[in-house]
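Here is a short briefing on one protein structure. The points are grouped by topic.

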Amino acid sequence: MSYGTYNNPMQASLFRKQIFLPQDHGSWVFILSPLLIGLFAGKQLSFASFNLIVAAMAAFLIRQPLTIAVKIVSGRRAKDELPAARFWMIVYGAIALLALSGLFLEGFSFIFFLAVPAVPVFAWHLWLVSRREERRQAGVEIVAIGVLALAAPAAFWVGIGHYDLTGWWLWILVWMQTAASIVYAYLRLEQREQTEIKGRRAQWMMGFRAALYTSFNLASALSLSLLAVLPGFIFIPFLLQWLETLWGIIHPAIGWKPTRIGIRQFIVSTFWTILFILT
C-alpha cells in the first residue's frame, strides 16, 4: 500500500482485515477441503473450474462484512465501520456475480441450486449474531459446514462436465468428516477449561459424543468400502480422524490456548483431505 493510503483515514479503514477477512481462521479448511476434493475427483481443470472457485470463495468471504454490518446495526460495533463493510459486500458480491455468470454461460446453471440451502442457514446465523448468541452454537455450525461441503459435488460436476450421483457421495463424506471435526473441537475447548486431569471414566464420558461421531464415520466408510460402494481404501482418512479423537480424549487439552487447538485441528484436517484425495 502506498504512503498516501496510510495517510487517508477512509482508505485505511477499508482495508482492516477484521472487516474483509474471516477471523475464525479454522473456518478456511471447511471451504478449501471440499473444493480441493471435488476438483481432484473431477480430474479436469477448466475455466468453469476457475469460475466455481472464485464464486465459492467470494460467497465464503462475504460472510465477514455481512456479519460486521449486522453487528453494527445491532449496536455491537462502531457505526464508522459500516462504509467498509458495505464496500466489501459490494466487492465480493460483484466478484461472485461475474463468476456465476461465467458458469451460466458455460452450461452449469444447475449448480446454482446448491446455493438454495445457504440462504436460510446464513440468515439463521445473522439472526443469532443480532441477538449476540452466535458463539458456541455447535448445531448451527454443523448445518453451516454441510452447506460449505456442497462445494465438493459442485467442483466434481464442473470437472466431469455434467451431473453425476457420485457427487452426492463426496458431499456426504466431507460433511461427515467436518461435523465430527466440529464436535471434537468443542470437546478440546471444554477440556482446556479444566483445572485438573479427571479419571479415565470421566474423560470418556466427556468425549463420548466426539468418539460416537468419528466411530460412526469410520464404520460407515469401512462398510461401504467392503461392499464396493465406495473405493476400497476410502476408510483410511476416517481412521486417522478416529485415532486423533481417541488420543484427544485420553490426553485432555488442559491449559491449551485456542490457537494451539486450532492449529492441530487444521493439520489433522489437512492430512485427512490429502488422504481422501489419494484414496
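H11 passes H13 in a left-handed crossing in this predicted model. Helix H11 covers residues 166-192, and its axis lies 8 Å from that of H13. The angle between the two is about 155 degrees. Angles over 145 degrees count as roughly antiparallel, so H11 is roughly antiparallel to H13.

**H11 against H13**
- On the H11 side, the contact is made by Trp169, Met176, Gln177, Ala179, Ala180, Val183, Tyr184 and Leu187.
- H13 contributes Arg209, Ala210, Tyr213, Thr214, Asn217, Ser220 and Leu224.
- By class, this contact of H11 with H13 has 10 nonpolar, 4 polar and 1 charged residues.

**H4 against H11**
- H11 also pairs with H4: their axes come within 11 Å and cross at roughly 155 degrees.
- H4 and H11 are therefore roughly antiparallel to each other.
- The crossing of H4 and H11 is right-handed.
- Phe30, Pro34, Ile37 and Ala41 of H4 meet Leu170, Val174, Thr178, Ser181 and Ile182 of H11.
- The contact of H4 with H11 divides into 7 nonpolar and 2 polar residues, with no charged ones.

**Nonpolar cores**
- The largest nonpolar core has 46 residues.
- Ile111, Phe238 and Phe276 have the most contacts inside this core.
- Helix H10, residues 151-160, gives the most to the core, with 7 residues.
- Phe238 is in contact with Leu173, Met176, Gln177, Asn217, Leu218, Ala221, Trp272 and Phe276, leaving aside its neighbours within four places in sequence.
- Two of those partners of Phe238, Met176 and Gln177, also take part on the H11 side of the contact with H13.
- Asn217, also in contact with Phe238, belongs to the H13 side of that helix pair.
- A second, separate core has 14 residues, including Val29, Ile142, Ile145 and Leu187.
- Leu187 of this second core is also one of the H11 residues that meet H13.

**Positive phi in two loops**
- Most residues other than glycine have a negative phi.
- Lys43 has a positive phi of about 65 degrees, although it is not a glycine.
- Lys43 sits in the loop between helix H4 (29-42) and helix H5 (47-61).
- The relative accessible area of Lys43 is 74%, so Lys43 is exposed.
- Ala228 is not a glycine either, and has a positive phi of about 65 degrees.
- The loop that holds Ala228 runs between helix H13 (208-226) and helix H14 (235-250).
- Ala228 counts as exposed, at 64% relative accessibility.

**Gln64: buried or exposed?**
- Gln64 has a relative accessible area of 10% and is therefore buried, the cut-off being under 20%.
- Gln64 lies in helix H6, residues 63-73.
- Beyond its neighbours within four places in sequence, Gln64 is in contact with Gln18, Ile19, Phe20, Leu21, Pro22 and Gln23.

**Ile197: buried or exposed?**
- Ile197 has 60% relative accessibility and so counts as exposed, the cut-off being over 50%.
- Ile197 is found in the loop between H11 and helix H12 (200-206).
- Ile197 and Tyr186 are 11 residues apart in sequence and 17 Å apart in space, C-alpha to C-alpha.
- Leaving aside neighbours within four places in sequence, Ile197 is in contact with Gln203, Pro252 and Ile254.

Notes. Residues numbered from 1 in each chain as written. Predicted model: local features only at pLDDT ≥ 70, side-chain atom pairs only at ≥ 80, totals over all residues. Heavy atoms only, no water. Helix = DSSP H or I, 4+ residues; strand = E, 2+ residues; numbered from the N terminus. Buried < 20%, exposed > 50% of the residue type's maximum accessible area, 1.4 Å probe, protein only. Axes fitted to C-alpha atoms, helices over the stretch in contact; angles between N-to-C directions. Parallel < 35°, antiparallel > 145°, perpendicular 65-115°, else oblique. Left-handed = near helix turned anticlockwise from the far one by under 90°. Contact = heavy atoms within 4.5 Å. Nonpolar A, V, L, I, M, F, W, Y, C, P; charged D, E, K, R; others polar. Core = buried A, V, L, I, M, F, W, Y, C linked by side-chain atoms within 4.5 Å.
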